[in-house]
Amino acid sequence: GMRMPRTLSMKIGNLDFSFENSLVKIIANRNCPEIKLAGLDLGPFEEGNEYEVQYWIAKELEKSGIARFREEERFDSAKLYKIQWTERAQTAGQISKLPENFYPKLRRCLAELEQEAKTPEKMREYEKVKHLARDIVNSRLKKIVSLASAAAQTEQMLKNFAHEERFVYERLYELIHEWRTQILEYEGEKND
């Protein structure tokens, strides 16, 4: 496919990086004394207790079975269905506010479900989530394109954009307005 402009993939990469380092809530599955992870001292953990750690650490603790993510940290088809419904219920030109870190979480959720899709049931959940995700993204993107081709939006209007969306809005806005100016201007033969 077409290469994404470097700035765009860098921008998404940066947002991804800050997500990896953002705090998430986990619940300890078992008692665990202090452990060393990538040079960090963690714990001790007590079974059933809730802790706040950086996302990448939470991932490692989950892998080793020490802890699990709290329910609200995860996406599933039911949650995405709600988000899709909220998005569709907006009046034209309105965009709903997405949950915090929506896109990084969505990407990870899709990747995880794809890996787990070994049974027909898991496969169905993956397909459902993929469909909902695409629908939410397309529906929001249509609005962003339409807002970007209108007059400059107020801060009030932009506050419901995710960072990723704001970035694409700003790029589109510049591009569309420059294009429109160019297309309507005829310089003709210049006389010295």
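Me: At what angle do helix α4 and helix α5 pack in this model?
Reply: The model is a predicted one, and in it helix α4 spans residues 102–116 while helix α5 spans residues 120–148. Their axes are 9 Å apart, and the angle at which the two helices pack is about 155 degrees.

Me: Are α4 and α5 roughly parallel or roughly antiparallel to each other?
Reply: The two helices pack at an angle of about 155 degrees, and angles over 145 degrees count as roughly antiparallel. The crossing of α4 and α5 is left-handed. The orientation of α4 and α5 to each other is therefore roughly antiparallel.

Me: How many of the residues in the contact of α4 with α5 are nonpolar?
Reply: On the side of α4 the contact involves residues including F102, Y103, L106 and L113, and on the side of α5 residues including Y126, V129, I136 and V137. The division gives no polar residues and six charged ones, and the number of nonpolar residues is 11.

Me: Which strands stand at the edges of the three-stranded open sheet?
Reply: The sheet has the order β4-β1-β5 with antiparallel pairing, and its twist averages 45 degrees from one strand to the next. Each edge strand has a single partner strand, so one side of each is left without a neighbour in the sheet, and these strands are β4 (50–54) and β5 (67–69).

Me: What is the bridge partner of V24 in β4?
Reply: Strand β1 covers residues 23–28 and pairs with β4 in the antiparallel sense over five bridges. In β4, the residue bridged to V24 is V53.

Me: Which helix packs on the sheet, touching β1, β4 and β5?
Reply: The direction of this helix makes about 120 degrees with that of β4. The helix comprises residues 55–63, and it is α2.

Me: How many residues apart in sequence are the parts that D16 and R107 tie together?
Reply: A search of the whole structure finds 16 salt bridges, and one is formed by the side chains of D16 and R107, with an N to O distance of 2.6 Å. D16 lies in helix α1 (residues 6–20) and R107 in helix α4, so the pair joins parts whose separation in sequence is 91 residues.

Me: Which residues does I176 touch, not counting those up to four places away in sequence?
Reply: I176 is found in helix α7, which runs over residues 163–184. Its C-alpha lies 20 Å from that of A92, a residue 84 places apart from I176 in sequence. With residues up to four places away in sequence set aside, those that I176 touches are V145, A148 and S149.

Definitions and conventions:
Residues are numbered from 1 along each chain as its sequence is written. This is a predicted model: local features need pLDDT of at least 70, side-chain atom pairs count only at pLDDT 80 or more; totals for chains, interfaces and linings use all residues. Side-chain values use heavy atoms; hydrogens and water are left out. Axes are lines fitted to C-alpha atoms, for helices over the stretch in contact, and angles run from 0 to 180 degrees between N-to-C directions. Helices (H or I, at least four residues) and strands (E, at least two) are DSSP runs, numbered from the N terminus. Angles under 35 degrees count as roughly parallel, over 145 as roughly antiparallel, 65 to 115 as roughly perpendicular and the rest as oblique. A crossing is left-handed if the near helix is turned anticlockwise from the far one by less than a right angle, and right-handed if clockwise. Contact means heavy atoms within 4.5 Å. Ala, Val, Leu, Ile, Met, Phe, Trp, Tyr, Cys and Pro count as nonpolar, Asp, Glu, Lys and Arg as charged, and the others, Gly among them, as polar. Two strands pair if DSSP finds at least two bridges between them. A salt bridge is a side-chain nitrogen of Lys or Arg within 4 Å of a carboxyl oxygen of Asp or Glu.
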